[in-house]
Amino acid sequence: MTEESVALDAKIPEKNKAIQVLDAQNVKFEHPHPEVYVAKIPIANASWINTTEGTVLIDTLTGPVIAEQMKKKIQETGGPVKTIIYTHHHGDHVGGASVFLDQQPEIIAQRFLLEDFEKYKILREHRARIASVQFNIPYNPDRPRNYVSPTKTFCDTLTFSLGGKTFELYHARAETDDAVWVFVPEIKTVFVGDLIIAGFPNIGNPFKPTRFALPWARALEAVRAKEAEMLIAHGGRAVYQGAEVRELLDVTIEAIYSIHDQVVDGLNKDIPVEEMIHRIKLPDHLQNNKYLQFVYSRPEFAVYNIYRWYHGYYDHNPAHLLPRPDREVNAEIFNIIGSAQTILDRSKALFIQGKAQLALQVLDILFKYDPEHVEARKLHLLILETLCDQDYCLMSRNSWVYAMEKDKKFLESLSI
Ligand SMILES: [Zn+2]
């Protein structure tokens, strides 16, 4: 695993540590074309295009402090910012817009972005909780979100001109329902937001709403049809030029269709989703492809996601139609076994056989029944450390680390 292939632009994490992508202090800049600049932080990028009548900024990074650095660079290289385009509602793309309000830009977004902003408000605590797991940051539901609403929204497409350049905006359902990609024909450049994130696309996020697989692949086909000479992505590596653009798009489109079609086949054959996640793989020639590293998402998450898009929660087992809470069922199973040691021994044996995931699930019967069982807690931590080791996919690695930190805290509290 090379440094380039670790989540977005993050460094290789130390053993048992989370992948940190929200701790950026400094913005890096790229200048891939005389009129195009890119601002980069580990979690996201933003780009701007200079015209003879001002600057069009696409995305705004995470927040005002970071965006101020970008604003300074824009002032040095072009400006004023006449238009801001949001590629989607995620905070690492809209968070910095407020620093540009003194220039009174038009702010353009796809119309669903407004509903997505509303979700941030009504799910404040929930969003803070999942962010703390996904990004390994402190839980803080009161973290300020001074997101600036668009001044103009559109539905399917919108085209405008500024200073001799044409900006073609297209709506896509992909990572989000409000994704926007932009083509500027005069410079043969396409700006794709998070449709490309320097790795296997984020079709599935275990914490978040359903992503759109089939429309995503079709959006990338529409991008490919533009035959752009340069592609700017807003996650991880930003700039792709020449033959790389076609190669990147080809493999990403094929990967999405492949996983999608395998899930559809599995659904039609009534294969349980937890079996699908282990069976479904990328085709051999795409395994280990440099554009499809599992640095942020991974195929298992995509499988769950596509399954959920086409299927409700019910797995056709009547025991699961209106189930009793896990803790009740678990207590019954624990009482049948009747011995914490039996569970602990079996979990240990499975772990020694190299079946860490199965060991974790068996241990869960005891762990849920008695979360303060010291030996169970120690074994739990050991299993998680094994699952975490060599896992460079941000979302799974940080989930293991989150649970490990809870175990460590508990065990440390005993020695006080
Ligand atoms: Zn995003």
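Glu300 is partly exposed, at 26% relative accessibility, where buried means under 20% relative accessible area, exposed over 50%, and partly exposed in between (1.4 Å probe, protein chains only). The model is predicted, so local features need pLDDT of at least 70 and side-chain atom pairs count only at pLDDT 80 or more, whereas totals for chains, interfaces and linings use all residues. Residues are numbered from 1 along each chain as its sequence is written, and side-chain values use heavy atoms, with hydrogens and water left out.

The side chain of Glu300 meets that of Arg298 in a salt bridge (3.1 Å, N to O), a term that denotes a side-chain nitrogen of Lys or Arg within 4 Å of a carboxyl oxygen of Asp or Glu. Arg298 also forms a salt bridge with Asp391, with 3.3 Å between the closest N and O atoms. This second pair links distant parts of the chain, 93 residues apart: Asp391 belongs to the loop between helix H12 (374–388) and helix H13 (394–414), and Arg298 to the loop between helix H7 (273–279) and helix H8 (299–310). Helices (H or I, at least four residues) and strands (E, at least two) are DSSP runs, numbered from the N terminus. Asp391 is buried, with a relative accessible area of 9%. Elsewhere, salt bridges that share partners join Glu221, Arg224, Arg246 and Asp250 into one network.

In the whole structure, 23 salt bridges are found. One of them pairs the side chains of Lys165 and Glu35 (3.5 Å, N to O). Lys165 lies in strand E9 (residues 165–172) and Glu35 in the loop between strand E1 (28–33) and strand E2 (36–40), so the pair ties together parts that are 130 residues apart in sequence. Lys165 is buried at 7% relative accessibility, while Glu35 is partly exposed at 30%.

The protein is divided into domain 1 (3–259) and domain 2 (324–414), with bounds that come from an automatic or database domain assignment. The C-alpha centres of the two domains lie 38 Å apart. In domain 1, 21 residues are in contact with 15 residues of domain 2, contact meaning heavy atoms within 4.5 Å. About 1400 Å² is buried between domain 1 and domain 2, of which carbon and sulfur atoms give 58%; buried area is the accessible area (1.4 Å probe) that two parts lose on being put together, summed over both. Asn16, Ile19 and Val133 of domain 1 lose the most area to domain 2, together 39% of what that side buries. One salt bridge is found across this interface.

A cis peptide bond joins Gly79 and Pro80, with omega of about -10°. Lys188, although not a glycine, has a positive phi of about 45°.
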